[in-house]
Amino acid sequence: YQLARVLLKDDAASKDVVSEVFADVLDGKTQLGLDNETIASDSPLPSANAGSYLLVCVRHKCLNLLSRKKMKDRVHHLLKADTSPSIAPQEATIAEIDKETEKYEAIQAYMDAELTPQTRKVLDLRFRQKLKYREIATELGISE
């Protein structure tokens with residue numbers, strides 16, 4: 001629980017994560033790797049193996065939760081930006097086209113500077129002309 005609190009900085013979410021980990025263990029979704037040890041129903045779990053494993057499970061659940069929250073915040077921010085009336089629609093479209101043009105020019109400059117003519121030709125056939133790899137290989141006389 002303390003690990004979850006440190007990672008999430010939220011008491012309720014921390015309790016939920018720890019509860020989910022134990023629920024997964026009880027449901028059999030998560031197996032405690034105890035190196036083929038058999039555990040009697042009245043004996044406690046070996047604390048070194050099980051405790052460490054449970055901490056790792058809690059950490060992973062916390063990191064997954066943070067990742068989902070971050071993605072949700074990004075989407076919310078993008079949706080909010082799309083509905084923002086601060087930029088006129090035509091100006092926004094022009095800005096978006098300019099941004100895409102800059103990306104395209106940067107990719108083209110990289111291709112011209114770093115790739116061989118053969119590789120550039122393959123990329124051109126694949127992504128501009130939408131040919132399949134087999135068609136490209138046949139046209140250029142190279143292996144797929």
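Modeller: The charged end of Arg126 sits over the ring of Phe127, 5.9 Å from its centre. "Over" means CZ of Arg or NZ of Lys is within 6 Å of the ring centre and within 35 degrees of the ring normal. This is a predicted model: local features need pLDDT of at least 70, side-chain atom pairs count only at pLDDT 80 or more, and totals for chains, interfaces and linings use all residues. Residues are numbered from 1 along each chain as its sequence is written, and side-chain values use heavy atoms, leaving out hydrogens and water.

Biologist: And how far is the charged end of Arg126 from the centre of the Tyr133 ring?

Modeller: That distance is 4.7 Å, and the charged end of Arg126 sits over that ring too.

Biologist: New topic: where does Asp24 lie?

Modeller: In helix α2, residues 11-27. Helices are DSSP runs of H or I with at least four residues, numbered from the N terminus.

Biologist: Is Asp24 buried or exposed?

Modeller: Buried, because its relative accessible area is 14%. The cut-offs are under 20% for buried, over 50% for exposed and partly exposed in between, using a 1.4 Å probe and protein chains only.

Biologist: Which side chain makes a polar contact with the side chain of Asp24?

Modeller: Lys61, at 2.9 Å. A polar contact is a pair of N or O atoms within 3.5 Å; within protein, one must be able to donate a hydrogen and the other to accept it, and residues adjacent in sequence count only if both atoms are side-chain atoms.

Biologist: What about Ser14?

Modeller: Ser14 is also in helix α2, and counts as buried because its relative accessibility is 0%.

Note on methods. Helix = DSSP H or I, 4+ residues; strand = E, 2+ residues; numbered from the N terminus.
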